[in-house]
Amino acid sequence: MELNDRWLPGEAMNSQGQELDDIWQFADGCPIQFNERVRIPIGHPGRIVDYSVTSVGGAPVVHQRVASVFTELAPDEVQVIPVDVDGQSDPYFILVATRTLRCIDDQESAEVLYWKPEDGRPEKTGRYRSVMGMRIDTTKVGDAKVFRPWGWTGVLIVSEDIKDALERSGATGMAFREVTGPSEVSPQQREHNRKLQALYDRTETARTAFWRTLGTLDEKAILPIVVGGGWPARRQVWRVIHRPEGRTLFVTDGLSDFFVDAVEPSVGFGLELALETDEPQAKWPVTLLERIANELVGHEHLREPARTGLLSMEVDGEHMPEPLLTKEGRVAVLLGMDTPTLPSHFTMPDGQVRLVTVKTLMPRELTYLLEHGREELLHRFNQSPPGHLAQAWRQPVV
């Protein structure tokens, strides 16, 4: 989304048109042995710039005017590999920085996060997961002019004289941010951030441990993490848990976060939503959970019954399965149905949280509920499998 109208080179290919096996080697911060002629396709056409990086591997693709600056000012710290860029007659090169230095100053950087063993990525454990407002320790750099920082090699660091020379050359496509000098963050803000991070770690670690007791947590499920929206810590997260008998459990993961404005321990709204289904490859549960969660977040009078008892409600039915839609195009749900296969509560370091089940209602069941009450409909669900399971394709129990 940040490309605007500029081009985006694709990944390097060999003369046979096959993508190179190790597309990351050009941005690893070490010398490489490479003798093939390389072709660079254009993954996204647009305005041509002199410095850009490939779409996935992050290899710098540079015009000769950029390559010349590096080979003149730092000849022993770079490799320039000639490449054929589709549609271009000018000479282009892949620029390889051949040095990696362990130089990030954790204390002076605005924020650094590390991969931990519990993140389930052993190959990344101990490396940086995020670096914001980077500052480096210049005593660990020496006379290096071009290098990549250890553990965060997506960044290319250059000396100020190279920066000045590149700007004088008129080369396009580059953006510079200073990584030396005073920190961007005051000591007070740093302490505030430290407390926030400790609270994030405290709640997330405990809640993730609980999710793992319910089944196999899907680490590869890509669900959008939304910032804001009134959730306690201003982050909206959903998780996917695979359960026995081919069932899938979708849960909210953040309604029991601490309140970020208070910067003190709590369990937020004291609840999380859980929707379990046995319909394979279902995509609608996450959309439904999001809409229910937003209703609870926005209306305090709904949260208390959801946290303590039964609650029925309707939400917008756009993009929901047709059998669930009422005549008004909405979807009805019953929240808080107990089931022997899921705990009703779980314990966090700062209090108990209710796990609120979400049961989808067929339109006839909603009519029955409005006429006879929640308890009578709940009795029928308990007598008719599949109980608490949310399904879009089933017969009504009334």
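**Cavity, helix face and sheet**

The largest cavity is lined by Glu 11, Ala 12, Leu 20, Ile 23, Phe 26, Thr 54 and Ala 59. This is a predicted model, where local features need pLDDT of at least 70, side-chain atom pairs count only at pLDDT 80 or more, and totals for chains, interfaces and linings use all residues. Residues are numbered from 1 along each chain as its sequence is written, and side-chain values use heavy atoms, without hydrogens and water.

Me: What makes five residues of the lining nonpolar?
Reply: Ala, Val, Leu, Ile, Met, Phe, Trp, Tyr, Cys and Pro count as nonpolar, Asp, Glu, Lys and Arg as charged, the others, Gly among them, as polar. On that scheme the lining also has one polar and one charged residue.

Me: Why are Ile 162, Ala 165 and Leu 166 called the buried residues of helix α2?
Reply: Buried means under 20% relative accessible area, exposed over 50%, partly exposed in between (1.4 Å probe, protein chains only). Ile 162, Ala 165 and Leu 166 are the residues of α2 (160-169) in the buried class.

Me: How do you know that they line one face of the helix?
Reply: Seen down the axis of α2, they fall within an arc of 100°, so they share one face. The arc is that of the directions from the helix axis to the C-beta atoms. The face turned away carries exposed Glu 160 and Arg 168.

Me: What makes β8 and β11 a pair?
Reply: Two strands pair if DSSP finds at least two bridges between them. β8 and β11 have two bridges, in the parallel sense. Leu 101 stands opposite Pro 149 in β11.

Key
Helix = DSSP H or I, 4+ residues; strand = E, 2+ residues; numbered from the N terminus. 1 Å grid on protein atoms, 1.4 Å probe; cavity = no way out; pocket = protein on both sides within 12 Å on 5 of 7 lines; lining within 4 Å.
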